[in-house]
Each structure stands twice: as C-alpha cells, then as structure tokens.
Amino acid sequence: MLQSAPVTDLENVTFAHPKKVSIFGATGSVGTSTIDLIKRQPNQFDVDVLTANTNAGELAQYAIQLKANLAVIADESKYQELQDLLKGTGIEVAAGESALIEAAGRPMDWMMAAIMGSAGLRPTLAAIKKGTTVALANKEALVCAGSLMMQEVRSHHSVLLPVDSEHNAIFQVLDEKQSSSIRRIILTASGGPFRCTPLHQMKEVTLEQALKHPNWDMGAKISIDSATMMNKGLEFIEAFHLFPVDQEQIEILVHPQSVIHSMVEYRDGSILAQMGSPDMRIPISYALGWPERHCFDQETLDFTELGQFTFEAPDLERFRALGLAKNALKTGKSAPAILNAANEVAVEGFLSKRIGFLDIVAVVDKVLEKAEFIELRSLEDVFYQDAKGRELAREVIKSF
Ligand SMILES: NC(=O)c1ccc[n+]([C@@H]2O[C@H](COP(=O)([O-])OP(=O)(O)OC[C@H]3O[C@@H](n4cnc5c(N)ncnc54)[C@H](OP(=O)(O)O)[C@@H]3O)[C@@H](O)[C@H]2O)c1
C-alpha cells in the first residue's frame with residue numbers, strides 16, 4: 001500500500017516571531033537537547049508549556065530558566081512537589097494525563113513531541129488537531145496510530161517535522177514534488193552496541209552493556225531498542241507513514257560510523273544523503289528553525305580524521321526485531337500497535353532486570369503469535385490494542 005504524497009503545503013507555513021514553543025518530555029534526552037538549543041537563542045522563542053512524567057525537580061528548574069507559562073507533570077502524586085518548587089514564580093502548574101492533553105491543545109506555533117512511548121500519542125494528537133507544527137521524536141505514537149495519525153495531520157493542516165535523525169535526514173533530501181521519481185529510501189543504522197556480538201554471547205549481556213550505545217547518548221528505552229535493533233524496526237514503520245514510498249522501497253543499511261543519517265535514491269541513479277556528527281541537537285535544531293536554518297555551532301566534521309565510511313547488511317538472524325517489525329507492517333491492522341506495546345513492556349522488563357536481553361524480542365514474538373489483530377478504525381481501537389498488547393506481554397513475561 002502506497003501512502004498518499006504531500007501531507008501539507010509546506011511552503012505556506014509561517015510562524016510568529018518569537019516562535020511560541022512547548023516541549024512535551026522536557027526532562028528527557030531529546031527534551032534537554034531542545035532546551036539547550038533554545039537557551040542559545042532565547043530571543044527566537046517564547047516558551048509556553050514544559051512537561052515531565054515524574055521528575056518535578058528538573059521540570060521546575062527548566063520552567064524557571066526558560067520563563068515558561070505552564071509546567072505539567074503527568075504523575076499526579078508529584079503535583080504538590082511541583083507546586084511548592086514553583087511557588088511565587090507566576091508559573092502555572094498542572095498534573096495528570098488530562099492536563100497534559102489540555103496543555104497540548106493550547107494555541108502554539110511549535111511543539112516538541114518527546115514523551116517516551118505510546119503515552120505520547122494523546123498529547124501529540126491534541127496538538128495536531130489544533131493545526132500545530134509538531135516536531136516528532138516520539139516515533140511510538142506513529143507506529144501505533146500510523147494512518148489514523150497521518151489522516152489527522154492532513155485534515156487539520158498540521159505539519160510533522162521528523163526529529164529522528166534518519167527521518168530528519170530524509171525530510172531534508174526528499175523532494176515531495178518528485179515523489180514519483182524516488183527509487184528507494186535508505187535508512188541507516190549504527191548496529192548498536194552488539195553489532196559484532198555472537199548470538200550465544202548476546203544471551204548474557206548486561207543492562208549496563210546494553211545501555212552503552214557506541215555513538216548516541218539517549219534515554220534508556222531507545223538505547224535498549226537500539227541494542228535489539230527494534231529501534232530500526234520502529235523507524236522502518238515510521239518512515240512508511242511519513243514518506244510517499246512503498247514498504248519495498250525502504251531499505252535498512254548498517255553504517256557503524258553514524259555520519260550518513262539516511263539517503264534517498266532517485267530514478268536517475270542520484271543518491272542524496274544528509275550527513276553530520278551523531279548529535280541529536282542537529283536534527284532538533286533543523287526542526288526548531290524550520291523552514292529556516294538556525295545557527296548551531298557544532299564542531300565541523302573532519303572527514304580526513306573520520307578516514308572511512310563502512311556499510312553492511314543487517315543481520316536478520318541476530319536482530320530478529322527487524323523482521324518482526326517489517327512483518328507487523330506488512331500484516332497491517334493493529335499488528336504494529338501490538339508490536340510496539342509488547343516491546344515497551346518487554347524493554348521495561350529488561351530495564352528492571354526481570355527478563356534477559358534476548359527475552360525482549362522473544363516476548364514481542366510470542367505476543368504477536370497470540371494476538372488477534374483488528375482493523376484500526378478509530379483512535380479508541382488503537383488505545384484498546386495498545387492495552388491488549390501490554391496485557392499479553394505481561395502474561396508472557398510471567399510464563400518465562
Ligand atoms: N534520545 C534520542 O536521542 C532520541 C532520538 C530519536 C528519537 N527519540 C525518541 O524520542 C522520544 C523520547 O526519547 P528520550 O530518549 O528523550 O527519552 P527519555 O530520556 O526517557 O525522556 C522521556 C521523556 O518523556 C517523559 N515521560 C516518560 N513517560 C511518560 C509518561 N507516561 N507520560 C508523560 N511523560 C512521560 C519523561 O519524564 P520524566 O523525566 O519525568 O521521566 C521525559 O521527559 C522516544 O520516543 C524516542 O524513541 C529519541
């Protein structure tokens with residue numbers, strides 16, 4: 001199934017100056033990188049909302065530094081703590097999931113969607129429904145709700161700016177007006193910390209080893225997803241929804257240096273790549289400044305020091321997550337939502353040391369075997385399937 005081309009008339013999007021921005025997931029890895037960039041150019045941005053899950057201390061600190069209007073904490077038990085920390089600052093405080101959704105629906109120019117996991121879906125959709133330009137880091141939302149979410153983007157004339165370095169790279173080099181000329185999209189992958197680890201040793205890897213990504217400094221969940229390569233599987237699904245290509249036109253290529261962030265090949269044989277240091281502030285800066293390019297003083301890449309770029313095919317036997325994700329997309333219906341939910345629960349199980357590293361993908365595989373996929377006709381169906389996938393994953397983990 002080919003996704004329909006241009007989502008919004010990008011040339012007609014304009015912003016107020018300063019840009020009114022909000023960061024959902026402000027205390028995370030993507031959130032703090034976004035804050036770092038905003039602090040470098042305070043006159044360009046007017047910060048409205050900052051959110052976190054449980055980390056009231058950091059949320060309050062950032063809200064004060066950025067002179068935010070509202071700070072929202074998802075965990076209601078942290079409301080009083082946040083309230084006390086922000087007393088006398090004039091910054092409004094709110095807590096709970098409904099407060100998060102309400103805050104996402106406030107009038108704003110730009111929102112960073114950097115909540116981890118499918119918990120980000122409702123607030124992201126609330127912003128989309130207001131026509132807000134959304135910088136999307138939260139790939140799980142798109143994996144779960146795929147076509148339904150893209151339909152909302154179209155009908156509300158919202159813009160999704162991909163923040164994942166690979167999708168941001170493709171966004172930069174893909175000419176939507178020439179979508180019929182695209183031969184393929186090449187999604188690059190670092191291969192993660194276990195790119196060269198034999199399968200029998202992968203069984204024994206520790207949490208600390210799995211969290212240690214060779215090139216990127218990221219939150220815990222995405223670091224584990226990178227180690228299993230489920231991250232690339234989720235990105236495969238994400239690319240399918242974001243860009244006007246068929247599944248067969250998306251290829252995964254391991255490029256351990258993480259300098260070429262992805263490529264687009266056109267039918268005349270030209271291949272356009274976007275390159276840069278493995279620093280998330282580069283794609284975030286692009287999304288923050290879009291449609292202009294803001295200045296971000298990254299150290300210039302020294303190609304002579306890099307020496308060489310290498311490429312290899314992904315090993316589908318050691319990294320079974322890739323096959324599971326591709327199959328889920330091919331199966332369609334609610335399979336990607338179930339895959340994502342099972343993976344979130346399994347990663348949590350590994351992070352809390354209840355299951356081993358190879359069990360993560362085994363849990364996802366078992367859940368996909370057991371689940372009955374349904375057609376996703378509404379967002380309620382998505383949330384129902386997300387809950388179902390989680391329930392099945394918990395049962396599978398118990399049986400281990
Ligand atoms: N990190 C990267 O380099 C990178 C690159 C590309 C894409 N992404 C994507 O960006 C998203 C965020 O990744 P990250 O690495 O920044 O994650 P992270 O460091 O774990 O941060 C997650 C953020 O979301 C908040 N959060 C977590 N669960 C929540 C919930 N149930 N309700 C509301 N807020 C919640 C956290 O608040 P607390 O701090 O209070 O827990 C934190 O602010 C993920 O979807 C990831 O795949 C990340």
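Student: Which β-α-β unit do β3, helix α3 and β4 make?

Tutor: Happy to start there, and keep in mind that this is a predicted model. Strand β3, helix α3 (residues 79–85) and β4 form a β-α-β unit that is right-handed. The two strands of that unit, β3 and β4 (residues 92–95), pair in the parallel sense, over 4 bridges.

Student: What do β2, helix α2 and β3 make?

Tutor: They too make a β-α-β unit, a right-handed one, with α2 covering residues 56–65. Strand β2 (residues 45–52) is parallel to β3, and 4 bridges link this pair. Here, look for Thr51, which stands opposite Val72 in β3.

Student: In the largest nonpolar core, which residues touch the most other members?

Tutor: That core has 135 residues, and Leu50, Met112, Met149 and Leu339 touch the most other members. Take Leu339 as a case: setting aside neighbours within four places in sequence, its contacts include Met230, Leu234, Ile237, Leu324 and Val364.

Student: Now the backbone. Where is a cis peptide bond, with omega about 0 degrees?

Tutor: As background, most peptide bonds are trans, and most residues other than glycine have a negative phi. Here a cis bond joins His17 and Pro18, with omega about 0 degrees. Pro18 sits in the segment before β1 (19–24). Another cis bond runs from Trp290 to Pro291, with omega near 10 degrees. You will find Pro291 in the loop between α12 (281–289) and α13 (303–306).

Student: And what is the phi of Met229?

Tutor: Phi of Met229 is near 70 degrees, a positive value in a residue other than glycine. Met229 belongs to the loop between α10 (220–228) and α11 (230–242).

Student: Is Met229 buried or exposed?

Tutor: Met229 has a relative accessible area of 3%, so it is buried.

Student: Where does Ser258 lie?

Tutor: Ser258 is in the loop between β9 (250–254) and β10 (260–266). Its phi is near 50 degrees, again a positive value in a residue other than glycine. Ser258 counts as buried because its relative accessibility is 6%, and the cut-off for buried is under 20%.

Terms used
Residues numbered from 1 in each chain as written. Predicted model: local features only at pLDDT ≥ 70, side-chain atom pairs only at ≥ 80, totals over all residues. Heavy atoms only, no water. Pairing = 2+ DSSP bridges. Right-handed = clockwise from strand over helix to strand, strands pointing away. Core = buried A, V, L, I, M, F, W, Y, C linked by side-chain atoms within 4.5 Å. Buried < 20%, exposed > 50% of the residue type's maximum accessible area, 1.4 Å probe, protein only. Contact = heavy atoms within 4.5 Å.
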